[in-house]
Amino acid sequence: MTARQVCRYVSTRGKSPPVDFSGSTQGGLAPDGGLYVPERFPEFDPRSFSGSESMPEMGTRVMAPFLEGDALAPHLASICREAFNFPIPLRPLRDTTSVLELFHGPTAAFKDVGARFLGYSYLLMPAASRARTVLVATSGDTGGAVAAAFSGKPGFRVFVLYPKGRISPRQEKQLTCWESNVSAFAVRGTFDDCQRMVKEAFLDADWRAGRTLLSANSINMGRVLPQAVYYARAAIAYFHQTGEAPGFIIPSGNIGNSLGALWAKRMGFPIREVVMACNSNRAVPEYLRTGTWSPFPTVSTLANAMDVGNPSNMERVLHLYPTVEALRADARAVPVSDDEIRAAIREGERRWGEVWCPHTATAARARDLVGGSHWILVATAHPAKFDTIVEPLIGHPIPVPDALSSMLSRPSRSTEIDATLAALTAAHS
Ligand SMILES: *Cc1c(COP(=O)(O)O)cnc(C)c1O
């Protein structure tokens with residue numbers, strides 16, 4: 001480390017110059033096509049925390065070393081205060097199993113945490129002279145969280161790409177109901193197509209000309225890194241209450257959320273292990289089983305925000321764990337079928353006293369498969385967002401949280417396009 005201890009970010013492919021935190025958040029990919037990762041991780045001593053830190057306190061402490069030397073560093077405490085302004089409760093259920101509820105933000109899914117941190121970071125960055133355009137592909141929930149964070153913010157245009165017909169009606173509402181600076185595109189394709197189109201735009205000279213392109217996907221450092229904060233905080237709280245390091249069971253698709261937990265573990269927070277609960281998109285479970293990484297075509301499932309055949313953040317996981325044996329020592333991955341998701345939702349109230357969303361249901365199912373004790377199930381979305389799936393299974397209506405109900409009453413706007421960058425270019429100009 002240099003005297004100023006500047007925190008640098010390097011590409012997973014090792015062929016791009018290092019950048020600072022702000023640099024790592026603005027582009028989508030590093031110039032060599034890799035993803036940025038912190039060059040090194042700070043070590044935290046769990047005993048130096050009280051166990052009752054608030055999210056803004058924990059965020060300021062955990063993120064500080066990562067913003068060292070960056071223009072945003074003086075603003076870190078205020079970014080955390082604005083971004084982490086909703087509760088993230090950790091509640092005991094039974095059988096030494098607790099639940100960490102990440103869905104109390106404006107769009108009722110965990111993506112609000114990272115999207116709000118990124119949004120306030122962009123707002124506080126020195127104003128660019130050029131128009132700032134945020135491009136985001138979404139499998140369902142990212143787009144809403146990003147749109148909510150930027151809607152009506154002067155100087156920002158937001159383009160949201162989502163796979164037509166593959167998201168819930170309420171998710172679609174959350175992508176399409178914003179101020180005129182947010183445009184939503186229903187892409188005739190899959191989430192992987194949307195993600196590819198965004199990557200292409202970032203590499204396209206015409207798209208880059210005349211504007212500052214900003215990414216907001218879960219590949220963005222400004223979104224992934226804050227996700228380590230709630231794992232650090234929950235692990236510390238659990239450890240203080242029980243003397244045990246918990247394992248986390250995390251509904252996983254593009255692997256950004258699980259990456260946050262693996263990074264928090266690397267920083268010394270008391271996390272025993274990480275279980276990636278997947279749906280029928282099996283790339284990660286297959287990798288852990290066979291040791292050979294290969295993406296699969298995307299399969300549509302009930303847990304649609306996890307319908308990712310080629311999870312981008314695996315590149316960062318493979319960088320953190322260069323061998324499959326190393327990853328197996330810290331993590332497992334469990335595939336969960338749609339039938340098992342339905343069963344977990346049906347049994348949720350009787351077994352756990354909870355109504356699960358289809359994503360969280362994968363974690364509940366995985367809990368039964370992994371056995372053992374001291375688990376924290378990560379609840380990634382409010383079940384009312386997926387009422388059309390959940391209500392028929394549990395046989396009664398789910399009360400709708402306030403943020404969701406006010407959104408449902410607004411008008412929607414979206415444009416349907418083919419899954420090519422040319423179609424997006426034609427439609428937006
Ligand atoms: C995005 C999302 C996931 C998957 O998170 P990744 O970071 O992509 O692994 C799980 N559940 C819900 C509700 C989501 O919106």
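Student: How many disulfides does a search of the whole structure find?

Tutor: A disulfide is a covalent bond between the sulfur atoms of two cysteines. This is a predicted model, and a search through the whole of it finds 0 disulfides.

Student: Why is Cys7 too far from the closest cysteine sulfur for a bond?

Tutor: A disulfide needs two cysteine sulfur atoms within 2.5 Å. For Cys7 the closest cysteine sulfur belongs to Cys80, and it is 15 Å away, so the pair is too far apart for a bond.

Student: Are Cys7 and Cys177 buried or exposed?

Tutor: The cut-off for buried is under 20% relative accessible area. Cys7 has 8% relative accessibility, so it counts as buried. Cys177 is buried as well, at 5%.

Student: Next, helices. How are α4 and α5 packed?

Tutor: Two packed helices are described by the angle between their axes and the distance between the axes. Here α4 (residues 111-124) and α5 (residues 142-150) pack at about 35 degrees, and their axes are 8 Å apart. The crossing of α4 past α5 is right-handed.

Student: Which residues meet there?

Tutor: From α4 come Lys111, Asp112, Ala115, Arg116, Gly119 and Tyr122. From α5 come Thr142, Ala145, Val146, Ala149 and Phe150. By class, this contact has 6 nonpolar, 2 polar and 3 charged residues.

Student: What does the span of α4 look like against the expected one?

Tutor: α4 has 14 residues and reaches 20 Å from its first C-alpha to its last, close to the 20 Å expected at 1.5 Å a residue.

Student: Why is α4 described as largely enclosed?

Tutor: Of its 14 residues, 12 are buried, so α4 is largely enclosed by the rest of the structure.

Student: Last, Val390. Where does it lie, and what is it in contact with?

Tutor: Val390 lies in helix α17 (residues 387-394). With a relative accessible area of 0%, Val390 is buried. Leaving aside neighbours within four places in sequence, Val390 is in contact with Ile345, Val355, Trp356, Cys357, Pro358, Pro383 and Ile398.

Student: How far apart are Val390 and Ala148?

Tutor: They are 242 residues apart in sequence, and 24 Å apart in space from C-alpha to C-alpha.

Notes:
Residues numbered from 1 in each chain as written. Predicted model: local features only at pLDDT ≥ 70, side-chain atom pairs only at ≥ 80, totals over all residues. Heavy atoms only, no water. Axes fitted to C-alpha atoms, helices over the stretch in contact; angles between N-to-C directions. Helix = DSSP H or I, 4+ residues; strand = E, 2+ residues; numbered from the N terminus. Left-handed = near helix turned anticlockwise from the far one by under 90°. Contact = heavy atoms within 4.5 Å. Nonpolar A, V, L, I, M, F, W, Y, C, P; charged D, E, K, R; others polar. Buried < 20%, exposed > 50% of the residue type's maximum accessible area, 1.4 Å probe, protein only. Expected span 1.5 Å × (residues − 1).
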